[in-house]
Amino acid sequence: MNEYRVAGRTAASDATADHGVAVLWNASSARQIWIVEFAVFNTTAATAQLELVRISVRGTPGSTVTPDIDNDVEHSIAPVSGSVLDLSNYSVEPTVASPPLGRYFSAATIGAGKIWNFRAKPIAVRGGAGFGLVNADAVAVPAVDVEVVFAE
């Protein structure tokens, strides 16, 4: 199994509950991936109210980061799943498929952040689904840095 690390910076989100902030989307129709870590850090002195959720419909992200062989920790193969890191501001929102699996309310401090570690039991994401962060409440989330570690 290969492990990948991918990171990006979001735009500030709209002040809408369940607005997509950062989602790792599994583009494969048949291949499952596993979330090992998910991290978020403030880039400004503003609070962020976030929920960690499963996503059933991708939506249209403001930008994406496509992992390649350079994101493989062993630098041996690009992700076969075609997974991409989708970042806000979405023009069409992703569809939240579950109650939150985690919540985080950051301090209004540059660098404040949270790392969810699932190494003991990685979270499975089936093909054609996603996993990531959405607004917890109808309050805008400022631009944040996001880092995701996943395996396939």
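Modeller: First, the burial scale: buried means under 20% relative accessible area, exposed means over 50%, and partly exposed lies in between, with a 1.4 Å probe and protein chains only. This is a predicted model, in which local features need pLDDT of at least 70, side-chain atom pairs count only at pLDDT 80 or more, and totals for chains, interfaces and linings use all residues. Residues are numbered from 1 along each chain as its sequence is written, and side-chain values use heavy atoms, leaving out hydrogens and water.

Now the charged pairs. A salt bridge here is a side-chain nitrogen of Lys or Arg within 4 Å of a carboxyl oxygen of Asp or Glu. That rule gives seven salt bridges.

Start with Asp 145 and Arg 9. Their closest N and O atoms are 2.7 Å apart. (Strands, E, are DSSP runs of at least two residues, and helices, H or I, of at least four, numbered from the N terminus.) Asp 145 is partly exposed at 25% relative accessible area. Arg 9 is exposed, at 52%.

Next, Glu 152 and Arg 31. This salt bridge has its closest N and O atoms 3.7 Å apart. Glu 152 lies in the segment after E12 and Arg 31 in the loop between E2 and E3, so the pair ties together parts 121 residues apart in sequence. Glu 152 counts as buried, with 7% relative accessibility. Arg 31 counts as partly exposed, with 34%.

The pair Asp 86 and Arg 58 meets at 2.7 Å, N to O. It links distant parts of the chain: Asp 86 belongs to strand E6, Arg 58 to the loop between E4 and E5, 28 residues away. Asp 86 is buried, at 0% relative accessible area. Arg 58 is partly exposed, at 29%. Elsewhere, salt bridges with shared partners join Glu 3, Glu 37 and Arg 119 into one network.

Asp 72 is buried but has no salt bridge; the nearest side chain of opposite charge, Arg 31, is 10 Å away. (Lys and Arg count as positive, Asp and Glu as negative; His and the chain ends are not counted.) Asp 72 sits in the loop between strand E5 (63–65) and E6. Its side chain makes a polar contact of 2.8 Å with that of Ser 76. (A polar contact is a pair of N or O atoms within 3.5 Å; within protein, one must be able to donate a hydrogen and the other to accept it, and residues adjacent in sequence count only if both atoms are side-chain atoms.) Not counting residues up to four places away in sequence, Asp 72 touches Asn 2, Glu 3, Tyr 4 and Ile 77. Contact means heavy atoms within 4.5 Å.

Glu 3 and Tyr 4 lead back to E1. Its uncovered face carries Glu 3, Arg 5, Ala 7 and Arg 9, while Tyr 4, Val 6 and Gly 8 form the covered face. In a regular strand, side chains alternate between the two faces of the sheet. E1 and E12 run antiparallel, joined by seven bridges; DSSP must find at least two for strands to pair. Arg 5 stands opposite Val 149 in E12.

The largest nonpolar core has 28 residues, with Ile 35 and Phe 38 touching the most other members. Among the strands that each supply at least two residues of this core are E1 (3–9), E3 (33–42) and E12 (144–151). Another core, of seven residues, lies apart from it and includes Val 23, Trp 25, Tyr 90 and Val 134. (A nonpolar core is a set of buried Ala, Val, Leu, Ile, Met, Phe, Trp, Tyr and Cys residues joined through side-chain atoms within 4.5 Å.)

The C-alpha atoms of Gly 130 and Trp 25 are separated by 4.2 Å, though 105 residues apart along the chain. Gly 130 is in strand E11 and counts as buried, at 2% relative accessibility.

Last, the backbone. Most residues other than glycine have a negative phi, and most peptide bonds are trans. The bond from Ser 88 to Asn 89 is cis, with omega near 10°. Asp 18, not a glycine, has a positive phi of about 65°. Asp 18 lies in the loop between E1 and E2. His 75 also has a positive phi, about 50°, and is found in the loop between E5 and E6.
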